[in-house]
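The following note concerns the charged side-chain pairs of the structure shown below. It is set out as numbered points for discussion.

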Amino acid sequence: MSRPPTVHSLHREHERADGMLRLHCNENPYGPPPGVIASVTKELEGRCSTYPDSEATALRERLAEHVGVSPEMVAVGNGADELVLLVTLASAGPGDTVVVTESTFPGYATSAAVAGATVRSVPLHRDRVSATALVEAVDAGARLVFVCNPHNPTGTVLSPAAVEEILTACERTGVVPVFDEAYMEFAGPGFDHALDAVRAGRRLLVLRTFSKAWGLAALRAGYAVGPADLVAGIVDARRALPFSVNRLAQQAALAALGSPDHIPEVRERTTRERERLCRALTALGVTHVPSVTNFVMVKTPGNSTRFASRLADEHGILVRDLTPFGYPGHVRVTVGTAEDTDRFCEALGKLLTSPRSHASSGHGLGAARDALPVPTLDPVAPEDLFNGYVGAHAVFALTRLGVWDRLAERPGHPVDELAARAGTDATGLMPLLRVVALLGYVELANGPTPTATLTGAGRELVRMRGFFTWGVGGYHEVLRGLPGLARGTSVFEQDVDRDGGMVAVGSGEVGRELMLPLEQEVLASVDFRAVADLGCGDATRLLRLCDGHPHRRGTGIEINQGACVQANKRVADAGLADRIEIVHGDVLAFSDRTFPEVDLVTSFLMMHDLFDATGDPVGVMRTLRRVFPEARRFLIGDTVAQEWEERREQLPMFSVGFELVHAFMDTPIMNRRTYENAFAGAGMRVERREPLGAPSTWLWLLTTE
């Protein structure tokens with residue numbers, strides 16, 4: 001059975017030396033209340049050989065007293081994570097919809113996928129859960145709605161009015177709202193609106209944990225509070241794992257509840273240190289989101305993945321890169337002790353005053369200042385340059401309107417029909433058609449029924465249209481923001497960003513038109529039974545490789561959570577869930593996982609990102625060999641830097657734009673020699689090398705034999 005996206009990569013313990021400052025997991029630096037460890041030690045010494053109470057009776061009764069409800073309204077789990085899964089399994093299944101917010105704890109979507117339910121995501125509004133968006137999603141039909149409050153990773157909290165708005169909508173539609181309040185103890189009892197609603201007899205579930213403010217993350221204990229029938233469903237779902245909450249965790253939680261002053265003390269110390277951290281961030285000129293929790297979401301100076309890596313490598317500090325959460329350019333920083341804050345701020349100050357450009361280690365247009373003597377080629381006339389700019393936008397517009405596809409169907413296509421199928425009229429379409437006619441791509445015939453026909457150049461343009469989608473649609477904001485990026489007054493992913501969706505669409509169009517035939521030809525010569533696709537996106541390639549080949553299995557590895565959800569859905573819809581697994585994570589961070597069954601690894605148009613992640617291309621390839629120890633073939637396609645100093649003829653399409661935007665994204669683009677040296681350094685031999693459609697783009701078939 002196919003596995004859904006996991007949170008493995010987000011919660012994996014880092015394999016690093018002692019002395020690392022752990023500001024990445026929102027752990028409580030003050031530990032549990034006094035006496036808890038002694039109580040657990042005594043329990044371990046005296047009753048280690050006996051099973052725990054499968055019903056956690058004593059703990060449930062004590063929790064019921066603690067929150068002011070009856071014991072049958074409390075369920076206990078192996079951390080709040082398990083309760084998220086149990087709630088979903090108890091309440092949702094195939095055909096049901098589970099509503100979640102974007103950019104939050106991925107376990108909600110993961111659990112829904114395990115249950116076979118459909119996930120509907122709603123966006124945040126200014127880093128906050130939008131009650132309005134959740135209500136609209138609930139009104140559209142759902143079974144469950146997960147509300148992370150206070151929100152992880154932004155640290156914001158809902159107002160009483162917003163909680164009431166969500167509750168009212170759920171009661172009206174019969175949807176069960178689940179308020180995940182793992183960080184509520186830091187916000188304080190003034191925000192206990194959901195728990196107050198449970199006490200008032202309303203229909204919702206509230207999840208809390210002992211891992212955060214109580215300081216018991218190692219022992220894993222959480223609890224759910226709600227109406228008795230909903231809690232009974234959770235208990236029934238847990239019966240397959242009757243001892244999931246072990247004896248030590250139960251005893252620790254009981255002992256902790258005997259120290260009611262612990263939470264106010266931790267909250268006061270955390271609030272004081274959080275405010276000091278935020279003042280320091282402001283003094284350094286670093287933007288952050290006001291928080292009520294034990295963490296702060298911080299905008300990074302530049303690429304957040306690289307920032308987190310530098311903090312770890314150069315300063316021994318771990319923070320959470322929020323790119324996998326859908327917040328590129330941000331990290332989440334745990335509020336620690338005063339010493340922790342001082343150490344973090346000192347390191348941050350050093351990074352701000354000594355920026356290091358990865359791109360300077362690359363080749364092509366992003367190379368170091370004196371590394372690349374670029375020749376002066378024959379000039380492009382200013383009018384051609386400007387008209388090409390206008391024409392590029394017209395080409396993109398006609399692509400998005402679906403006009404090129406219609407024109408490719410037959411010559412003499414009626415303009416009115418083109419307009420109708422594009423959702424416009426001739427008045428809206430004709431100016432665009434006239435522009436591309438003047439540029440030589442379309443012939444327009446006048447008459448009672450005006451028609452349009454592709455020229456020979458137009459047919460070639462249609463094959464190339466993905467480049468325009470990639471550039472005009474995906475990178476328009478980056479290109480428009482070049483002055484600020486060059487001055488350093490704006491930062492990629494913070495002040496300007498690409499449209500990732502359009503970049504993916506454009507790459508897909510280029511792939512289908514220019515790359516797919518060669519990919520299929522090369523793969524036809526490769527015998528394989530299990531394939532892993534790095535950066536699998538929505539699983540299109542995996543489906544193509546496995547569908548119709550019942551002996552083949554596939555694994556897709558994707559860092560983007562939303563793409564994983566979509567991939568799982570497509571795999572399930574294709575009836576291939578038993579043969580294709582989607583893994584959510586960073587392949588370079590799989591310190592304890594390998595895929596020994598895989599004999600073919602594919603990677604298209606992302607190897608430059610993997611090389612950039614570490615700055616060590618040979619090391620990247622060696623890591624891939626370790627993660628896929630039995631792989632006999634690697635099929636890698638990527639765009640490399642042009643050898644500009646050797647160029648004398650006309651500029652190629654795509655290369656200048658690709659290298660330019662990546663220079664300001666601080667992502668080095670390596671030349672072909674670097675790739676092939678990396679392959680050789682990892683013990684791989686180039687069995688076949690072919691141009692792959694786009695300029696300076698190559699397809700390598702590598703063998704490890």
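1. Arg-239 is partly exposed, its relative accessible area being 49%. In this predicted model, the residue pairs with Asp-236 in a salt bridge whose closest N and O atoms are 3.2 Å apart.

2. A salt bridge also joins Asp-342 and Arg-276, with 3.0 Å between the closest N and O atoms. Asp-342 belongs to helix H14 (residues 338-353) and Arg-276 to helix H12 (residues 262-283), so this pair ties together parts that are 66 residues apart in sequence.

3. Both partners of that contact can be described by their accessibility. Asp-342 has a relative accessible area of 42% and is therefore partly exposed. For Arg-276 the value is 28%, and this residue is likewise partly exposed.

4. Arg-410 and Glu-417 form a further salt bridge, in which the closest N and O atoms lie 3.4 Å apart. Arg-410 is partly exposed at 35% relative accessible area. Glu-417, at 29% relative accessibility, also counts as partly exposed.

5. Counting a side-chain nitrogen of Lys or Arg within 4 Å of a carboxyl oxygen of Asp or Glu, the number of salt bridges comes to 41. Among them are Asp-236 with Arg-239, Asp-342 with Arg-276, and Arg-410 with Glu-417.

Key. Residues are numbered from 1 along each chain as its sequence is written. This is a predicted model: local features need pLDDT of at least 70, side-chain atom pairs count only at pLDDT 80 or more; totals for chains, interfaces and linings use all residues. Side-chain values use heavy atoms; hydrogens and water are left out. Buried means under 20% relative accessible area, exposed over 50%, partly exposed in between (1.4 Å probe, protein chains only). Helices (H or I, at least four residues) and strands (E, at least two) are DSSP runs, numbered from the N terminus.
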